[in-house]
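Please read the numbered points with the model open alongside.

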Amino acid sequence: MSDPERAMLLSVHPRFATAILAGTKTVEVRRQRVAAPPGTPVLLYATAPTMAIVGMARIASVHVASPREVWSASCTSAGISRREYDEYMSGATQASGLSLEEPITFEDPVPLAALRAAGSFHPPQSYRYLTGEDLRKVAVAAPTSGAVLQSALNHLTPA
């Protein structure tokens with residue numbers, strides 16, 4: 001699958017999803033290398049107790065480096081303390097800082113039960129890429145968020 005044909009489903013704790021959608025957290029950090037081009041749509045899946053897709057954003061850039069370098073570049077935007085970051089990154093040899101932009105909160109979050117009713121759906125431990133077909137299934141589960149999801153689908157439509 002080539003880069004222009006994918007979106008990302010990102011699992012985040014509810015407090016981080018809220019901060020991303022509020023614009024107070026603009027960098028999401030991950031323990032592994034993330035290779036996604038700028039403009040990639042990111043659906044935000046808030047983990048338990050929320051268990052729903054609560055909104056979306058777009059990747060502005062991805063900074064892949066050592067955990068120390070990623071912290072240095074993103075400490076004011078990551079929305080976590082140094083202690084939390086160090087605990088999360090313990091043992092990691094590289095890290096990714098995903099700069100997110102254009103956050104959109106879904107008026108009606110898409111609950112896990114609805115996602116599973118629309119087809120087999122398993123929230124990722126960290127993240128996974130979605131195809132246009134995956135997004136269509138999400139759109140079926142989320143009729144009230146359809147216009148926002150359609151913009152993500154349009155991003156995936158080949159010219």
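This is a predicted model: local features need pLDDT of at least 70, side-chain atom pairs count only at pLDDT 80 or more; totals for chains, interfaces and linings use all residues.

1. Helix H3 (residues 82-89) lies across E2 and strand E5 (95-111), and runs at about 35 degrees to E2. Helices (H or I, at least four residues) and strands (E, at least two) are DSSP runs, numbered from the N terminus. Axes are lines fitted to C-alpha atoms, for helices over the stretch in contact, and angles run from 0 to 180 degrees between N-to-C directions. Helix H5 (residues 132-141) also packs on the sheet, where it touches strand E1 (7-12), E3, E4, E5 and E6; the direction of H5 makes about 100 degrees with that of E6. Contact here means heavy atoms within 4.5 Å.

2. Residues are numbered from 1 along each chain as its sequence is written, and side-chain values use heavy atoms, with hydrogens and water left out.

3. The sheet is open and has six strands in the order E2-E5-E4-E3-E1-E6, with mixed pairing. Two strands pair if DSSP finds at least two bridges between them. Strand E2 (27-30) and strand E6 (127-130) stand at the edges with a single partner strand each, so one side of each has no neighbour in the sheet. On average, neighbouring strands of this sheet are turned by 35 degrees against each other, direction ignored.

4. Several pairings can be followed residue by residue. E3 (residues 41-46) and E4 (residues 52-65) run antiparallel and are joined by six bridges; Tyr45 stands opposite Ile53 in E4. E4 and E5 pair in the antiparallel sense over eleven bridges, with Val62 opposite Leu98 in E5. E2 and E5 also run antiparallel, joined by four bridges, and here Glu28 stands opposite Leu98.

5. Which residues of E2 point one way, and which the other? Val27 and Val29 point one way, Glu28 and Arg30 the other, and all are buried. Buried means under 20% relative accessible area, exposed over 50%, and partly exposed in between (1.4 Å probe, protein chains only). In a regular strand the side chains alternate between the two faces of the sheet.

6. The largest nonpolar core has 30 residues, of which Met8, Val29 and Tyr85 touch the most other members. Such a core is a set of buried Ala, Val, Leu, Ile, Met, Phe, Trp, Tyr and Cys residues joined through side-chain atoms within 4.5 Å. At least two residues each come from E1, helix H1 (14-22), E2, E3, E4, helix H2 (67-74), H3 and E5. E4 supplies the largest share, five residues. A second, separate core of 16 residues includes Phe106, Phe121, Ala141 and Ala142.

7. The buried residues of H1 are Phe16, Ala17, Ala19, Ile20 and Leu21, and they pack against E1, E2, E3, E4 and E5. Just after H1, Gly23 takes a positive phi of about 85 degrees. The charged end of Lys25 sits over the ring of Phe16, 4.9 Å from its centre. A charge sits over a ring if NZ of Lys or CZ of Arg is within 6 Å of the ring centre and within 35 degrees of the ring normal.

8. Three aromatic pairs are found in a search of the whole structure. Rings of Phe, Tyr and Trp (its six-membered ring) pair if their centres lie within 6.5 Å; planes under 30 degrees apart count as stacked, over 60 as edge-to-face and the rest as tilted. Tyr45 and Phe121 form a tilted pair, 6.3 Å centre to centre with 50 degrees between the planes. Tyr45 lies in strand E3 and Phe121 in the loop between helix H4 (112-117) and E6, so the pair ties together parts 76 residues apart in sequence. Tyr45 is buried at 3% relative accessible area, and Phe121 is buried at 6%.

9. Tyr127 and Tyr129 form an edge-to-face pair, 5.6 Å centre to centre with 80 degrees between the planes. Tyr127 counts as buried at 19% relative accessibility, whereas Tyr129 is partly exposed at 21%. Arg6 lies over the face of Tyr129, at 3.7 Å from the ring centre.
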